[in-house]
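Hi everyone, thanks for coming. Please have a look at the structure on the screen, and then I'll walk you through a few of its details.

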Amino acid sequence: MISAAWRHAGHQTLPVMFGYLPLGAAFGILAIEVGISGYAALAMSVFIYAGAGQFLALALLAAGAGLTEVAVATLMLNSRHVFYGLSLLKRFQGAGLKKPYLIFALTDETYSLLTSQPAENEPSHALDFRISLLNQSWWVLGSLMGVGLGSAALFDSQGIEFALTALFIVLTLEQACRLRQSRPFVIALFTGTGALLLLPDRHLLLGAIACACLLLLADYFRFASHRRTQC
């Protein structure tokens, strides 16, 4: 019998499940296609769990890159976690033995779910742990499905990577419905478009995130200064 707490967490992770299953399957299929064993692909999803970083590793390994190149490229790609991970330091305080896993399992989608909880609800380490564990479970299950499909028969994987884009669209809409503020999303649109037009591909993500953070900080300090002048 599944407890009410796990059912609640499962309901919270449904949008991620519908994205992670096909995306994890895409990873498993591509891993088999480039010559990675099924066991190695599943181990990557269990012990690395880096989403886009795993796809990057596949591309680099298929191109004959060494482990050092893979490690450096993955570090650069996942450096975006520094920007939003800091905002969860206070939330994870007092999590005890759950804290290392909460840090390890923090993905873009998990961060979105954790920060989308209703404002009137107190942060729960137990709920955060269940959401994080279920999200990784969907990813591992998807990877297992992909390994099975890739090993058993030919599979046309063209276009399956769009599942990640679709997932981000759903999570963005959920954030917009909860916040009911247009400013953060206008800033995201402005910085993302600007990065696409002005920056090379290898610097696009970090440039967009850095610019968005600077604009959000400037907006925060402007708002705080305005409140002080009214007091």
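Let's start with tryptophan 139: at 1% relative accessibility, this residue counts as buried. Buried here means under 20% relative accessible area, exposed means over 50%, and partly exposed is in between, with a 1.4 Å probe and protein chains only.

A quick word on where this comes from. This is a predicted model, in which local features need pLDDT of at least 70, side-chain atom pairs count only at pLDDT 80 or more, and totals for chains, interfaces and linings use all residues. Residues are numbered from 1 along each chain as its sequence is written, and side-chain values use heavy atoms, leaving out hydrogens and water.

Now the overall picture. The protein chain has 12 helices and zero strands; both are DSSP runs numbered from the N terminus, helices being H or I with at least four residues and strands E with at least two. Of its 231 residues, 36% are buried.

Back to the rings. How many aromatic pairs are there? The count is seven, where rings of Phe, Tyr and Trp (its six-membered ring) pair if their centres lie within 6.5 Å, and planes under 30 degrees apart are stacked, over 60 edge-to-face, and the rest tilted. One of the pairs joins phenylalanine 27 and phenylalanine 55, edge-to-face, at 5.8 Å centre to centre with 80° between the planes. Phenylalanine 27 lies in helix H2 (residues 14-33) and phenylalanine 55 in helix H4 (residues 52-62), so this pair ties together parts 28 residues apart in sequence. Phenylalanine 55 and tryptophan 139 have ring centres 6.5 Å apart and planes at 75°, so that pair is edge-to-face. Tryptophan 139 is in helix H9 and phenylalanine 55 in helix H4, so here the parts tied together are 84 residues apart in sequence. Tyr20, Phe27, Phe55 and Trp139 form one aromatic cluster.

Next, charges. The whole structure has one salt bridge, meaning a side-chain nitrogen of Lys or Arg within 4 Å of a carboxyl oxygen of Asp or Glu. Which residues form a salt bridge with their closest N and O atoms 2.9 Å apart? They are arginine 91 and aspartate 128. Arginine 91 sits in the loop between H6 and helix H7 (98-104), and aspartate 128 in helix H9 (residues 125-152), so the pair links parts 37 residues apart in sequence. Both arginine 91 and aspartate 128 are buried.

Last stop: phenylalanine 83, in helix H6 (residues 81-85). At 37% relative accessibility, phenylalanine 83 counts as partly exposed.
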